[in-house]
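Notebook open. I'm going through this one piece by piece and jotting down what I looked up.

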Amino acid sequence: MLLRKRVAILISGRGSNMSALIEAARAPDYPAEIVGIISNRAAAEGLEIARRESLPVAVHSLKNYPDEIATDRAISQTLESWGVDMVCLAGFMRILSAQFTQRWQDRLINIHPSLLPKFKGVDTHRRAIDAGEKKHGCSVHFVVPELDAGPVIARSSVPVLPGDTPETLADRVLLAEHRLYPRALKKALQRLPESAQQPAA
Ligand code: GRF
């Protein structure tokens with residue numbers, strides 16, 4: 001019998017990558033089940049989608065805690081109460097503390113809209129066009145304290161076409177993201193060390 005790993009998703013906005021993961025996990029042979037969604041913004045559109053899917057949701061916003069460390073501790077507590085094996089960042093627009101990323105080391109992955117190690121950080125589509133790139137795309141990587149610098153699990157590329165604007169290129173990359181993330185999560189789960197499956201207290 002397939003033992004499905006328990007996966008939570010952290011979002012800040014529309015949640016289209018979250019939806020792609022939820023969709024993939026509907027397949028009985030997919031090795032993960034989505035057990036909850038956390039947002040740092042109560043108004044994140046993706047939370048509505050999660051509620052419609054009857055998934056547990058939680059909001060942990062920086063403004064409700066004394067500092068970043070306390071906020072991240074609250075996120076960890078929620079994840080642990082859900083018995084989570086792996087955490088997926090999907091448009092989570094806050095940089096998590098080093099304490100958090102170390103606590104979830106090897107169990108925390110992110111999708112980034114560039115072919116890493118190119119174009120870490122923000123505004124990746126405009127920067128790719130300005131640099132005259134012929135190819136652009138997205139990457140899923142393990143999260144480490146340094147921004148967008150963890151080991152890459154999988155990448156997917158798309159062409160940069162003449163006349164592309166950051167918006168047209170972003171749309172093309174987003175379609176690739178939705179295909180890539182479920183595949184990369186599956187791959188990351190295969191690498192999950194047994195010892196990493198129960199979070200440390
Ligand atoms: C995606 O482009 C993702 O790569 C980036 O933020 C965006 C989130 O979009 N990290 P969505 O909320 O998944 O629709």
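Started at Pro117, which I found in the loop between strand 5 (108–112) and helix 5 (124–130); helices (H or I, at least four residues) and strands (E, at least two) are DSSP runs, numbered from the N terminus. The peptide bond joining Leu116 to Pro117 is cis, with omega about 15°. Phe119 lies in the loop between strand 5 and helix 5 too, and its phi is near 55°, a positive value in a residue other than glycine.

Note on the source: this is a predicted model, where local features need pLDDT of at least 70 and side-chain atom pairs count only at pLDDT 80 or more, while totals for chains, interfaces and linings use all residues. Residues are numbered from 1 along each chain as its sequence is written, and side-chain values use heavy atoms, with hydrogens and water left out.

Next, the ligand. Which residues are around the ligand? I listed Arg14, Gly15, Ser16, Asn17, Gly91, Ile111, Pro113 and Glu177 (a heavy atom within 4 Å counts as near). That shell divides into 2 nonpolar, 4 polar and 2 charged residues (Ala, Val, Leu, Ile, Met, Phe, Trp, Tyr, Cys and Pro are nonpolar, Asp, Glu, Lys and Arg charged, the others, Gly among them, polar).

Then I checked polar contacts (N or O pairs within 3.5 Å). A polar side-chain atom of Arg14 is 2.5 Å from a ligand oxygen, and a side-chain N or O atom of Ser16 is 2.5 Å from an oxygen atom of the ligand. From Ile111, a backbone N or O atom lies 3.2 Å from a ligand nitrogen. The protein covers 85% of the 370 Å² of accessible area the ligand has on its own (Shrake-Rupley, 1.4 Å probe).

Last, salt bridges (a Lys or Arg side-chain nitrogen within 4 Å of an Asp or Glu carboxyl oxygen): I have 9 in the structure. In one of them, Glu48 pairs with Arg51, closest N and O atoms 2.9 Å apart. Glu48 and Arg51 are separated by about one helical turn because they are 3 residues apart in helix 2 (residues 45–52).

Conventions: Polar contact = N/O pair within 3.5 Å; in protein donor to acceptor, adjacent residues only side chain to side chain.
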